[in-house]
Amino acid sequence: MYQAACPGCGAPVEFRSAASRMAVCGYCRTTLLRDADAVRDIGKQAALIEDHSPVQIMTSGQHAGQGFTVVGRIQLRYEHGVWNEWHLLFDDGSSGWLGDFGGQFVLTRPDGDAVGPPLFDKVEPGNRWSHGGVFWHAADIRKAECVAAEGELPFPVDARWVARVIDYRHRDEFLTLDYSDLPPVAYRGKAVTLSALRAQHLRDPDAVVSRAGRLHGGVSTLICPVCGAPAAVVPGATQHLTCPSCRSQISLAAGQAEVVQREVADVTAVGATLQAGETLTIDGVAWRLMGWMRSGVPDDAAEPDWYEYLLFAPMHGFQWLIETQEGWQQAQVLDDWPESFTDTSVELRGLRYTRRYLYRAEVRAVVGAFPWFARVGDRTEIGEYVSGKWVLNLERGAHEMGWSQAKPVETDTVASWAGRKLATIARGRRAAEVAPSGGGKAALRPVAWVFTVLIVVMNLRYMLPFNVDAMMVTGVLVFLLWIPTQSGDEGEG
């Protein structure tokens with residue numbers, strides 16, 4: 001351990017790792033840059049945005065049989081929010097990083113320089129890249145600016161420092177390419193929980209209450225600064241709020257409610273079955289409905305809109321309910337990605353899914369709180385893959401992609417969760433339950449019946465009184481007509 005007196009206030013500043021290049025004084029926030037055995041003052045760091053993370057400097061834990069201590073933090077802001085990167089010092093002197101975004105954690109360790117890395121500006125979500133004998137898929141490409149830093153870090157940062165990172169996924173593994181230096185450095189790891197890390201010396205709940213005003217992981221009420229209406233938010237996870245009353249856009253990423261756009265509510269333009277603020281009891285767990293989005297297909301005006309409802313429970317995280325005219329679905333975002341996927345099929349946990357639809361979705365209305373900046377006009381490419389009653393959804397935007405898994409839910413079940421009758425848009429069950437690999441074959445049958453009648457009527461004068469040849473030709477035509485409605489009906493899950 002190396003200790004120096006802060007040039008700003010004289011307080012002792014410790015460098016616990018020999019590899020640490022920078023440390024921030026915990027008293028006056030002066031930044032100390034270490035050069036050999038001397039330090040120099042390179043200015044003051046901006047104040048950290050107070051969040052609701054339970055992690056703090058000196059939090060300790062265990063990972064892969066080795067102890068670690070949190071010795072530093074970088075706070076980063078990008079277009080849709082703010083997240084923390086906690087610098088870890090392991091007992092053997094090596095380092096790692098604990099990414100912390102809205103209560104979700106990813107622990108990564110240095111994995112060497114990237115060999116033959118792709119150009120940062122040329123990577124798109126879903127692109128494959130090989131590293132360490134594994135093919136990885138690009139999941140997130142982002143540029144983020146440093147908001148603030150604390151503790152000690154292996155490299156110097158300030159408010160002008162911009163991180164350029166690409167997050168890749170392979171099954172349940174994460175790979176991050178950091179383009180801050182050339183060649184880019186690779187960091188490899190997995191999603192973790194604080195309980196699995198046996199984390200100790202976490203922030204005391206009272207400290208969270210006094211400094212941030214709300215307990216981490218709960219649901220609190222925010223008063224809209226535009227109209228004064230109450231709205232439910234998840235402290236530390238909600239990055240953006242669309243007021244349910246006046247539809248004003250409110251950013252919460254800066255640690256306070258900041259109005260970014262004022263709107264006038266158009267109550268005639270929406271008709272969601274469930275509303276933000278409701279509580280749904282699912283399997284004995286109370287889930288708060290944080291917000292909803294109404295979406296449609298911009299390339300096909302005949303396609304009906306649907307609704308996506310975001311639910312939150314303090315000990316269980318987030319899940320989705322999807323309401324369409326064909327029925328309801330319950331969906332979870334996957335941390336464990338498919339083993340392989342192509343344009344036509346996907347394999348997950350040994351089960352093969354077949355693609356049914358590929359389309360673009362557009363957000364047409366937003367109400368409530370979300371962990372990202374949800375905006376009207378946002379467009380996403382959606383690929384739906386089905387196997388029996390299960391549906392895998394691939395969602396790909398301009399800078400990120402992800403997978404979710406959904407299963408059908410009866411309307412009566414959703415009504416029992418909500419504790420009331422529902423005036424839902426759902427009229428039937430989704431085609432995925434009927435035709436897991438056929439892609440809506442049952443929907444062709446009414447059309448087939450119409451053309452069958454037409455063919456028989458048009459050929460009736462040739463078949464009577466008893467023309468075997470005409471009857472055979474008519475029969476073959478009808479048989480060929482019905483083939484598309486039958487294929488893919490086998491093997492219902």
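Which residues do ring pairs link into a cluster? They are Trp 292, Tyr 307, Tyr 309 and Trp 328. The model is predicted.

**Aromatic pairs**

The structure holds 14 aromatic pairs. Two of them are set out here.

| Pair | Centre to centre | Angle between planes | Class |
|---|---|---|---|
| Phe 68 and Phe 90 | 5.6 Å | 55° | tilted |
| Tyr 385 and Trp 403 | 5.8 Å | 50° | tilted |

Phe 68 sits in strand S7 (residues 66–78) and Phe 90 in strand S8 (residues 81–90). They are 22 residues apart, and their pair links distant parts of the chain. Both Phe 68 and Phe 90 are buried.

Tyr 385 belongs to strand S29 (residues 379–387) and Trp 403 to strand S31, so this pair ties together parts 18 residues apart in sequence. Tyr 385 and Trp 403 are both buried.

**Gln 405**

Strand S31 (residues 401–409) also holds Gln 405. Gln 405 is buried because its relative accessible area is 15%, and buried means under 20%. The Gln 405 side chain makes a polar contact with the side chain of Tyr 353, at 3.1 Å.

**Cavity**

There is one cavity of 30 Å³ or more. The largest cavity has about 30 Å³ of space. Phe 68 is one of its lining residues, which also include Val 55, Thr 59, Ser 60 and Leu 98. By class, the lining has seven nonpolar, two polar and no charged residues.

Technical notes:
Residues are numbered from 1 along each chain as its sequence is written. This is a predicted model: local features need pLDDT of at least 70, side-chain atom pairs count only at pLDDT 80 or more; totals for chains, interfaces and linings use all residues. Side-chain values use heavy atoms; hydrogens and water are left out. Helices (H or I, at least four residues) and strands (E, at least two) are DSSP runs, numbered from the N terminus. Buried means under 20% relative accessible area, exposed over 50%, partly exposed in between (1.4 Å probe, protein chains only). A polar contact is a pair of N or O atoms within 3.5 Å; within protein, one must be able to donate a hydrogen and the other to accept it, and residues adjacent in sequence count only if both atoms are side-chain atoms. On a 1 Å grid over the protein atoms alone, a cavity is a set of points where a 1.4 Å probe fits but cannot get out, and a pocket is an open set with protein on both sides within 12 Å along at least five of seven lines; lining residues have an atom within 4 Å of a point. Grid points are joined across faces, edges and corners, and a volume is the space filled by probe spheres set on the points. Ala, Val, Leu, Ile, Met, Phe, Trp, Tyr, Cys and Pro count as nonpolar, Asp, Glu, Lys and Arg as charged, and the others, Gly among them, as polar. Rings of Phe, Tyr and Trp (its six-membered ring) pair if their centres lie within 6.5 Å; planes under 30 degrees apart count as stacked, over 60 as edge-to-face and the rest as tilted.
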